[in-house]
Amino acid sequence: MNRYFASSPHQPRVRRATDVWLVVIGLVLLLWTAANVDRVAAVETALTDLAQSAPLWFEQVFRLAYFLGLLLVWAVIISVIAQGKKRLDLLRDIAVTVVATIVAILFFIWWLDGSIPTVFPEFVDGDGGFTFPILRVAILTGVITVASPHLARPVRRFGWLMIILVAISGFGLGIGLPSDAIGGIGLGLLVGGAVLLIFGSPMGYPDRDSVASGLGGLGIRIADLELASDRSWGVRRLTGSLDDGTPIEVKVYGRDAVGSQRFARAWRSLWYRDGGQTYTSNRLQAVEHEALALLIAQRHGIATPEILAVGLGGEDMALLATTRRGASIHPDTLTAASLTAVWQEVAQLHDADIAHGALTLSAITIDDGQPVIGDLAAASLSASDMRKSLDVVSLLFSSAVAVGAGDAVTAAQAGIGDDQLIAALPYVQVPALTRSQRGLIDKPKTLMSNLSDAIAAATGAEAPEPAKLRRVQPKDLIMPALSLVAAYALIGMLTDIDFVAVWDVVESAAWIWIVVGFLIGQSVFFPDATGMLFATGYPLPLKPLTILQVSVKWIGLAVPSAAGRVTMNALFLRKYGVSPTLAVTQGALDGIAGFVTEAGILIVALIATDLSLDLDTDAINWGPVLLIVTVLIIGSIIAILRIQRLRETVLPPLKDAWTMLWNLLKDPRRTLGLLGSNLASRTILAITLWFILQAIGTPLPLVVALVVTVATNLLAGLVPIPGGIGVAEAVLTSFLIVAGLGADEAFAAAVVFRIATFYIPAGEGFFAMKWLEKNGHL
């Protein structure tokens, strides 16, 4: 029975990034199918007709597959019960999932005025009508989702195959439409992922007996084997000794541990700046990578643990066994000489173009006075200067916690020299640390500031001055508030809007879709952050970068959005050693990409569809317009060429911006990433507006919503009013009226849209800015 489970019972539980994505994907599938529950797409009709026109014996196949789905649920439950007290936590997860799924389905029945689904439809003749979502698909998906971290890979794959077969059988038997089956999968993923987030997922560690057996298969006989206190993400560490008494350390990658953590490792590196920049596709490559790093380091004369064995320890795990040299470094016994020797070893490591990736005192031992560098799992071969500088910052902080900033810098200067210290100086900021490092002391920001000052004093380099951010004062909010009141009054006078009728529209709206639209609108900060990531080309951590986009909304209340965004971004980027020129011009690059994206959307929409903005361009006298534009362009060129001060002010930033734009265009990954991020951002806002229009009962096609939001953003951005307050509402209302809405409905939709995408996020931005300041990102 144990062969059906991937890991031993009573494992430590963690919350994985993959579980978050299960919830997100499930929510998207569920909301999409729920929004279209009253519509039958042509492809659904075709699939249903195809399934129901199949030969009669196909119906028996559908019934059998549908029933096997129920048997699989019971098989999983019985297998868990048969484990006794070993798997009570999994039994709890399954029970919560099944109950929550049934409650959710009952809610949908109440909300959509549906009928109670038949529990065993495969044994009932006749048409019971379609049900949303399909009950068995939802329960099976939920059970397999919560059980997957516990199950062996073959069982898990069989479970997901059965979900697909049961979903097909569901609409093949006429129990529901294909969208009802997809909704069932979405509900199961949502509930199952939520349960895993609440209770956590097992880390998938193999037990000690399995590890000992695996080592035996690699020719390593051990006298004892004990769990080490340190457990890295997805890896089990054990210590022991050979028959001759030689101490060893074993790192174990379980069969399912690496597979389940592969995405999480990339996510943590991007989101938290954890784990270095090294990615492996399977457990064997993980141990082979560390072994290769150890061998290359040894070839360059660097003291590292000796490799005893590396490879697969059977079909369940990959193993790396090394000697355990020396003793761990303790702050009470750490001397200036030994710390200097550590830095000298680090200098050799960097001279070999190897960056450690997780360089702290805990990764180093002392063997008869000789520092030994271990734990090279996150090492980067052919490492960049930035990765080496981050190594320096990490070890500086770790040693400063033990001996103080001054002594730490003195030892580093003696070991690696001034050049590497000066190169690392821009990265001596709290954001360069991992979360575990920041948790070592109460005030990491103060210690990093002391380190920065100590480096500047020791090397004679200029310490970077922390820039001060303009605060939003209460008086700064008075003018936007007055502008909002005046704009709404002006809109009412110009369009004859009846505000009582507007309130009736809002009051009678389906608020659940407004909430859905608001939640979807919150995700716009993610592509905004990736746009900034691609514009700079620096490996910035995504979590604070995303929170930065929220804080810009708050600054936008007092400062026109472009100016506020550029200032905030520049302050943020300086913390990561980004050059001042790039810190300022990245906003221009992002703005150019946004303009190109919006112009492309409008051109494609107007050419490829029958959409029209109903603009009367024949009545415009284009002669004076072109003359004014020409005079402005020629006058600007003459002024720049004739006035030296203006030329010296304008031309250098333009040259730098052109150079950066050219470098961006030469990199297809950055170019496509920047354009894709801007397209995703506009699409998310359009989806938000689409849901709001659905809620107030005046639906428009998604492409129309996209064109309206893009055109509004283009025109409202021309007016230098903080946050586009009043202007954006007026422009959006006008475009919605052009699209066919009544004035009252258009104004109601515009106000709700702005509340969801600007005013509420502006309030969130206040707390986002406080978080950035508290954690040293501003």
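Predicted model: local features only at pLDDT ≥ 70, side-chain atom pairs only at ≥ 80, totals over all residues.
**Charged pairs**

Let's start with the charges. Searching the whole structure turns up 9 salt bridges. One of them pairs Arg237 with Asp375. Arg237 sits in strand β4 (residues 236-242), while Asp375 is in the loop between β11 (370-373) and β12 (380-381), so this contact ties together parts that lie 138 residues apart in sequence.

Another salt bridge brings Asp367 together with Arg325. Here Asp367 belongs to strand β10 (residues 364-367) and Arg325 to the loop between β7 (317-323) and β8 (327-328), so the parts being tied together are 42 residues apart in sequence. Asp367 is partly exposed, at 23% relative accessible area, and Arg325 is partly exposed too, at 29%.

Then there is Glu729 with Arg754. This pair links two helices, with Glu729 in α28 (residues 727-738) and Arg754 in α29 (residues 743-774), 25 residues apart. Both Glu729 and Arg754 are buried.

Here are those salt bridges side by side:

| Salt bridge | Closest N and O atoms |
|---|---|
| Arg237 and Asp375 | 3.0 Å apart |
| Asp367 and Arg325 | 3.3 Å apart |
| Glu729 and Arg754 | 3.3 Å apart |

Some of the charged residues also team up: salt bridges with shared partners join Arg237, Glu249, Lys251, Glu290 and Asp375 into one network.

**Aromatic rings**

Now for the rings. A pair of aromatic rings is described by how far apart the centres are and by the angle of the planes. In this model, the count comes to 5 aromatic pairs. Take Phe758 and Tyr759: the ring centres are 5.2 Å apart and the planes meet at 80°, so this pair is edge-to-face. Phe758 is buried, with a relative accessible area of 6%.

Phe766 and Phe767 form an edge-to-face pair as well, at 5.3 Å centre to centre and with 80° between the planes. Phe766 is partly exposed, at 31% relative accessible area, but Phe767 is exposed, at 60%.

Elsewhere, ring pairs link Trp513, Trp690 and Phe691 into a cluster.

**A charge over a ring**

Arg92 lies over the face of Phe199, at 4.0 Å from the ring centre.

Terms used: Residues numbered from 1 in each chain as written. Heavy atoms only, no water. Salt bridge = Lys/Arg side-chain N within 4 Å of Asp/Glu carboxyl O. Helix = DSSP H or I, 4+ residues; strand = E, 2+ residues; numbered from the N terminus. Buried < 20%, exposed > 50% of the residue type's maximum accessible area, 1.4 Å probe, protein only. Phe/Tyr/Trp six-rings, centres within 6.5 Å; stacked < 30°, edge-to-face > 60°. Lys NZ or Arg CZ within 6 Å of the ring centre and 35° of its normal.
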